[in-house]
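Open the model in your viewer and keep the selection tool ready. We will go from the whole chain to single residues.

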Amino acid sequence: MNTTYVPADYLPVLIQLGLALGFIVTTMVATHALGPKRHSQKKDDPFECGIPVQGDARTPISIKYFLIAILFVLFDVEVIFLYPWAVNFKGLGMAGFIEMVLFMGLLLAGFYYIIRKGVLKWE
């Protein structure tokens, strides 16, 4: 299957991209031109779910918070790989079982390393 593409083959994609960008630009210009322009102290105040604003939005957050979040995503994604393996367990045979044991061993080694480093200790 040796196919060659010419620039004309991409014309539908370019037309759709142009229409999408045109819609976005037109919508933004129309909302700024037609929208109300009344400003007041009350209207320009930040609003967060009905809770009065307290402090500054740029307060420093502990790096531990981000580490926990990244580790959660990492181990959550790794657990997702277990589902297809469990569904195809019989078809994979002994080689699939050994691969999964190796995968789980590496995953548990990483988890052990994280625990030993004290990343999950919240102070």
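**Whole chain first**

Start with everything selected. In this predicted model, 58% of the contacts with a separation of 6 or more join residues 24 or more positions apart. Now switch to a cartoon view. The protein chain shows 5 helices and 0 strands, in the order α-α-α-α-α. The radius of gyration is 27 Å, well over the 14 Å that the globule rule gives for 123 residues, so the chain is more spread out than a compact globule.

**Surface**

Buried residues make up 7% of the 123 residues.

**Confidence**

Color by pLDDT. The chain mean is 85, and 94% of residues reach 70 or more. Select residues 11-34, helix H1: among the elements, H1 has the highest mean pLDDT, 96. Next select residues 41-44, helix H2, where the mean is the lowest, 77.

**Annotated spans**

The unreviewed UniProt entry places "transmembrane region" at residues 13-34, 65-86 and 92-115. Select 13-34. This span is 100% helix, with its end C-alpha atoms 31 Å apart. Move to 92-115. That span is also 100% helix, and its end C-alpha atoms lie 32 Å apart.

**Last stop: Pro 36**

Select Pro 36, in the loop between H1 and H2. Is Pro 36 buried or exposed? Its relative accessibility is 58%, so Pro 36 counts as exposed. Finally, draw a distance to Thr 4, 32 residues away along the chain: the two C-alpha atoms are separated by 53 Å.

Note on methods: Residues numbered from 1 in each chain as written. Predicted model: local features only at pLDDT ≥ 70, side-chain atom pairs only at ≥ 80, totals over all residues. Heavy atoms only, no water. pLDDT = per-residue confidence, 0-100. Helix = DSSP H or I, 4+ residues; strand = E, 2+ residues; numbered from the N terminus. UniProt positions renumbered as here; feature names shortened; annotations may be inferred. Buried < 20%, exposed > 50% of the residue type's maximum accessible area, 1.4 Å probe, protein only. Rg over C-alpha atoms; globule rule 2.2 N^0.38 Å. Contact = heavy atoms within 4.5 Å.
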